[in-house]
Amino acid sequence: MLVAMSGGVDSSVAAALLARAGYDVVGVTMKLYHDGDTTPDRPCCSLDSVNDARRVCEAIGAPHYVLNMQQPFHRDVVRDFVAEYGRGRTPIPCVRCNTFTKFRDLLRTADRIDARLVATGHYARVTDGVLHTGLDPAKDQSYFLWGLRREVLSRLLLPVGAQTKAETRAVARELGLRMVASKPESQDICFVPDGDHARVIAEQAGADAPALARGNVVTMDGRVIGEHDGFARFTVGQRKGVPGGSREALFVVAIRPDTREVVVGPREALAGLEVAARELNWLVAPAPAVGDRVQVRVRHRAPLVPGRIAQVTGDAVRVELEAPQFAIAPGQSVVLYDGERVLGGGVIDSRETEPAREPATTRRLPVIAA
Amino acid sequence: MAGPFYFDHAATTPIRPEVGEAMAPFLGAAFGNPSSTHRWGREARAALDAARERLATCLGARADEVCFTSGGTEADNLAVIGTWRALRKGGRNAVVATTIEHKAVLAAVHQLAKEGGEERLLEVTPSGQVRAEHFDTVVRDDVAIVSVMWVNNEIGAVQDVPRLAGKAKARGVFFHTDAVQAFGKVAIDTARQPVDLLSLSGHKIGAPKGAGAMFIRRGTPIESLFHGGSQDRGRRPGTENVAFAVGLATAAECALREHDAECARLTALRDRLESAIRARVPDIVVHGVGGMRAPHILNVSAPGTDAESMLMALDLAGIAASGGSACQSGSVEPSHVLVALGVPAEIAGAAVRLSLGALTTDAAVARVAEVFPTLVAKARGFAAV
């Protein structure tokens, strides 16, 4: 059994629980990017994290290996991250890392060492071959796992998904994993440890990348009300950084990479009743059909809203929502649930939803205007 | 038959029983400081003096030409940095090393470049031999020191050190050789071979980690890296590690005693392993062939595999090997040696070093010959997905 170990408390406890349950655990830490070994306390890939994972493996009597996966990670995750911002969208690199780096590339390594099972420290559950939400709603990470191939689920164990974070920490202490028990939560994207994604874009695409160049902030009716220093610094639904001075609060409602315009409007303009997505992936068989009622999540930690699968064409899906959702941002994921069961998901691509296709309403996705 | 089998003798070797026995008194009652004038000191001094003489004999050197260090890295640093610093004032500012040196030499050379030295790197042929004509153009009379490793730790390539040292001497250039992998594998005799400095490491020949030595020919200018007392003629201040000096001398004597038989045995095993792998993996790439090779290192790449997964799978199958030089985080990085040989990146990334030694038996070779090709097939099968 191969356990992907970041050096954090969740995957450490996952490995320890499996070892205690009698599994033949092999711990693997993936080195995903290199940022020098001097920055302390980075969530993963730092020397400290590798050392912590190794110490945990030593404690539980499992061999530990470091796999250098910088090249595939850069190819499948970092490059897409930068390109998506360049297209005026807001990507979730963790989804692609799970889909490609962890549950495709790492799985190949598992095959090579005859490890039939793989485990991670994600807060989600696999029951009867179906992905379920983590039991702790505050920690549920199923939103990031919709891109897995369905076959992977039969080989996947997620030992911490059935407990709360507090329980995980308690188990870490109980098992004597002091090196990780009280580690702080990692919130940032691992390769953007300081949260400054513009810096990463500048490094990768150059400081003169269009996504980082000056542009206009315009209202929905085309009035220029200010300037910005790079549309990549904005996300649909964002309020911070939008020029003030209006009577009502303004939010980013669209980003137009062609003209480098950031479109702002009132909160109502953010309400969307429909989501169009691509890269559709179903985690259940048979796949849900058009007309099926589902619950929909359009952002990490956003509440589930009832909806209906309106259209499926190839890898594109359109989902109607029963209640308006605010800030449906292109590049984020839409994940479809049936209660705790995760049915599948896709990458939001709101521009797919042309206003002409159906009668226009004021509550339609404003991003369409882009 | 299941092992585990140790094929990483180039990384380190088990301590010889004779070495442990020889050191034991100095880890116990004979704990004196060799610089003390009382009986405890005299006892330690006598053992240290004897160890120095015994090691000198093993090298064809005089006792005063042996300097004990903490290992190969310190010896390499002392040779390259110490000699350059002593000679730079005299107008010899350049320092030369091959592109396939151990990091202990390369990083020392880079350090000298930072201190104002001129760094010149010697090219090697695809089989890992120094290009003689390049040596002649690079090693001129503005060079303080040239460093050429006798046996390469990754591919086992053997350099013609006596000849290169002779050429350097003819230009007034001091010659250092990193003989960490060479001792016990090639004939070393400083009385006949004109090297000026030679590095040794204990744990490659059955002494403990942390034991090392350097041969420094009389008259070779050298500046100490450390500052302190006058131990080892001031070349290496600090209270001498008597136990390790005794251990190193004992290990060196053992290695020399078994030199001929062990080299023949390892060569036969290495050849058998190589041909067995070749038979089942016909497109296997063996690195460092075509020139002189040390008997204990077999470095191979199976195209379409990657070293990390192979090493992991080998380890889990009970076979300990290694890849390129390991970086800090324990992850395998492409080897600078294979890159210098002109090996394409994807082949270099598949390189697995199997190094033979005291623990290598017929059964161990048979096991690797069986497992390695199987793992290659498995890796290739899945790589196609």
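Which residues does A:Val3 touch, not counting residues up to four places away in sequence? They are A:Ser11, A:Ala14, A:Ala15, A:Leu18, A:Val25, A:Gly27, A:Val28 and A:Ala119, where contact requires C-beta atoms, placed from the backbone, to lie within 7 Å.

Before I continue, a word on conventions. This is a predicted model, in which local features need pLDDT of at least 70 and side-chain atom pairs count only at pLDDT 80 or more, while totals for chains, interfaces and linings use all residues. Residues are numbered from 1 along each chain as its sequence is written, and chains are lettered from A and ligands numbered from 1 in the order in which they are written.

Let me stay with A:Val3. Its bridge partner in strand 4 of chain A is A:Ala119. Strand 1 (residues 2-4) and strand 4 (residues 118-119) of chain A pair in the parallel sense over 2 bridges. Strands here are DSSP runs of E with at least two residues, helices are runs of H or I with at least four, and both are numbered from the N terminus; two strands pair if DSSP finds at least two bridges between them.

These strands belong to an open sheet of 5 strands in chain A, ordered 3-2-1-4-7, with parallel pairing. Strand 3 (64-68) and strand 7 (156-157) of chain A each have a single partner strand, so one side of each is left without a neighbour in the sheet.

Buried means 20 or more other C-beta atoms within 10 Å of a residue's own, exposed means 12 or fewer, and partly exposed lies in between.

I turn now to strand 12 (residues 271-282) of chain A, which pairs with strand 15 (residues 316-326) of chain A in the antiparallel sense over 6 bridges. Strand 12 of chain A also pairs with strand 17 (residues 341-348) of chain A, again antiparallel, over 4 bridges.

Finally, the loops. Between strand 12 and strand 13 (293-297) of chain A lies A:Pro286, and the peptide bond from A:Ala285 to A:Pro286 is cis, with omega near -5°. A:Ala327, in the loop between strand 15 and strand 16 (333-338) of chain A, has a positive phi near 60° and is buried, with 22 other C-beta atoms within 10 Å.

Definitions and conventions:
Two residues are in contact if their C-beta atoms, placed from the backbone, lie within 7 Å.
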